[in-house]
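This report goes through a model chain by chain. Please keep the sequence and the 3D view open while reading.

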Amino acid sequence: MSLAGGRNWRTVAVLLALSLAVIPLSLALGNIRVDYTLVTVAAGGAVLGIVCGVLGSFAVLRQQSLLGDALSHAALPGVALAFLLAGRELGWLLLGAGIASWLGVLLINSLVRRTRLKQDAAMGVVLTAFFALGITLLTYIQSRNDASQAGLDQFIFGQAAAIRRQDVVLISAVGLAAFLVLIALWKEFKLITFDPAFAQANGFPLRLLDVTLSTLIVIAIVLGLQLAGVVLMVGLLIAPAVAARQWTRQLDQMLALAGIFGGLAGAGGAIFSGLQQGLPTGPLIIVVAVAIVALSISLAPERGLLWRAWRQRRDRQRFAAQQVLQDIHRHATQHRDPRYPAPGGMLVALRGTLARPALRQLQREGLLQAGADDDWTLSERGLERAREAARNQLLWERYRQFGEELGLPSVTVDTQQPIDRLLPATALTRLETLD
Amino acid sequence: MNQTPALHIEDLTVAFDSRPALWDVDLVVPEGVLMAVVGPNGAGKTTLVRAALDLIPRAAGSVRIFGESVARARGLTGYVPQRSSVDWDFPTTVQDVVMMGLYGRLGWLRRPGAAERLRTRQALEQIGIADLATRQISQLSGGQQQRTFLARALVQDARVYFMDEPFAAVDAITERAIVTLLQELRARGRTVVVVHHDLQSVPDYFDQVTLLNVEVIASGPTAEVYSEDNLRRTFGGRVAGIARLTEEALP
């Protein structure tokens, strides 16, 4: 079962290559003219998506997905207030968003600590209160008939077309700083995410690390606001991480993949919304992100739905074939003749609808010979296989019952696997000689 | 044996929502003993461990570990939290989790290297799960999860260990592995405080016992304090066969 780490990194690399290929492909298919604006918008979308995907992974693993939603909604009044105070300058607007979002976290945390409110209720209250305040302020600003306010409502649903080159530079710089902090505190973040109590018991300043990690998540949200908008921001934060979790079993790989998926969603959404005037970017980003999630949930090896359904079906068929083989063997043994034929009707009665495909499969593999009258006889190899299977079954049974007591190495019990391949010879001898 | 006790708790009170979870607890654990903490549900056993490690705020009282404050004794303490306190679907491997026991020693900005990998390897072997090293933790059985946590505590190389219900719902082989580990730790002069639920095995496994029900009912050498009378006072009449239990255990 356990895959080598190498294969997992190969999966990451393959998915990265596919993602990179999607962008020129969609440009060609959509007959899009590549110009300066488009490149800027796509680059901005990609950078934002990467930052959000990577940092959003922690939100998902800390089971704080909805906190991300509350935080992004809480940012809106900050944007509006910053506009009223400092005018339409992206740096100030983001700073305002960051401060408001941060206050949102503090308020939610202190509500949970000081009152008997549960976290979901506290988030619901803070989210709606801040959002209502933000919408009110925004409506007021728009009513002032001030030309400079144009496009401020992009923060609600996101508008990539408004991204300028210096914005991309700013976003990249802040995102890079966030990544540097993440790399520097990698083991601490991993520890407080997996087992905060143990981190604290080892003397790590849990509160400080908690606040630092939350701040990074707030930064990701704030940077993403003008692209995805406050309403759908949480999707860009969460969806890439959810998709990435399907493909890997290691934290570093999960973050790398979430970055790739986030970048793909961000760039894809930005490009699509650039196709036509007035298409909101946020919803398009979410469409791309959710498509990636859907693909991952159904296709990913081991965790994917299709993979699991396929493996279940394969296992059932294998199991049925083995059962049928042993049925025939048992039937022959009862008649004291290893070549005694078994009637097909009897096998169907025993094993149901899976018996016929099993018989055909066994015949294809040369383990059975079909007689004239729907009679089935074991071939030489079939007889050998049936005896082996019976022995395998018996040893697994004994291992399940006595393996731990005998101190045998621990392996996952899977009677479909040859036990000889999983246990060392000494262990097998002990199982065989067991009374 | 050292004169300074491994753990010295005085007048400890912990309250949640103005309801005391621990009331005026005094407790001394000498160095080198295995001590069980037993008591009914809601008696504050886990709270005692968490307060002793300074993981939750105290309403009153003091905790000393080898005469030092808890903050200064971090390098001396090891911790095995309850198995159910973490999400076992976290994307990581057994050896990764065990290595987390070394993070505290590593300090800021340093990453685990060859020495840490070696130490992790040794702990996995000592606890008998070396073959699970690269296994994804979501694929572990309950007993394997517990042994992973024990290996993680082992690499901490502490002088006093706090283990919260390590025996809860584990298979026989894991139980034996834990007992062996406890005895090895004692042989090396380490102190272990174990929150325990199986009253039957207390006299077999532990030198000392603390009977807790919000207050400390009794604490000391098992032979002296593990009596029918004390058990009754701890559990109320709620444990069937207490008489039989202590008679069998302490003839």
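Predicted model: local features only at pLDDT ≥ 70, side-chain atom pairs only at ≥ 80, totals over all residues.

Which residue stands opposite A:Asp375 in strand 3 of chain A? It is A:Pro343.

Chain A has an open sheet of three strands in the order 1-3-2, with antiparallel pairing. Its edge strands are strand 1 (342-343) and strand 2 (368-370) of chain A, each of which pairs on one side only. Two bridges link strand 1 of chain A to strand 3 (residues 375-378) of chain A, and the sense is antiparallel. Helix 14 (residues 305-334) of chain A packs on this sheet and touches strand 1, strand 2 and strand 3 of chain A. Helix 16 (residues 355-364) of chain A also packs on the sheet, where it touches strand 2 and strand 3 of chain A.

**The sheet of chain B**

Strands of a sheet pair through backbone hydrogen bonds, either parallel or antiparallel. In chain B an open sheet of six strands shows mixed pairing, in the order 6-7-8-3-9-10. The edge strands here are strand 6 (77-80) and strand 10 (215-221) of chain B, and each pairs on one side only. From one strand to the next, the twist averages 15°.

Strand 9 of chain B (residues 208-213) can be followed to two partners. Strand 3 (residues 34-38) of chain B runs parallel to strand 9 of chain B, and four bridges join them. Within this pair, B:Gln208 in strand 9 of chain B stands opposite B:Met35. Strand 10 of chain B runs antiparallel to strand 9 of chain B and is joined to it by six bridges. Here B:Val209 has B:Gly220 in strand 10 of chain B as its bridge partner. Strand 9 and strand 10 of chain B form a hairpin with one residue between the strands, and in this hairpin B:Val214 takes a positive phi near 65°.

Two helices of chain B lie across strands of the sheet. Helix 5 (residues 142-155) of chain B lies across strand 6 and strand 7 (160-164) of chain B. Helix 9 (residues 228-235) of chain B lies across strand 3, strand 9 and strand 10 of chain B.

| Helix 14 of chain A | Strand 3 of chain A | about 85° |

**The cavity**

Rolling a probe the size of a water molecule over the atoms shows where empty space is left. How many cavities of 30 Å³ or more does the structure hold? It holds one, and the space in the largest cavity is about 50 Å³. Its lining is made up of A:Ala59, A:Gln64, A:Leu67, A:Gly68, A:Leu71, A:Ser214 and A:Ile217. Helix 3 (65-74) and helix 11 (206-247) of chain A are the elements that give two or more residues to this lining. Helix 3 of chain A gives the most, with three residues. By type, the lining residues divide into four nonpolar, three polar and no charged.

**Where the chains meet**

Between the two chains, 36 residues of chain A are in contact with 40 residues of chain B. The area buried between them is about 3,400 Å², and carbon and sulfur atoms give 56% of it. On the side of chain A, the residues that lose the most area to chain B are A:Lys187, A:Phe194 and A:Phe198, together 23% of what that side buries.

Conventions
Residues numbered from 1 in each chain as written. Chains lettered and ligands numbered in written order. Heavy atoms only, no water. Pairing = 2+ DSSP bridges. Axes fitted to C-alpha atoms, helices over the stretch in contact; angles between N-to-C directions. Contact = heavy atoms within 4.5 Å. 1 Å grid on protein atoms, 1.4 Å probe; cavity = no way out; pocket = protein on both sides within 12 Å on 5 of 7 lines; lining within 4 Å. Points joined across faces, edges and corners; volume = space filled by probe spheres on them. Nonpolar A, V, L, I, M, F, W, Y, C, P; charged D, E, K, R; others polar. Buried area = accessible area lost by both parts, 1.4 Å probe.
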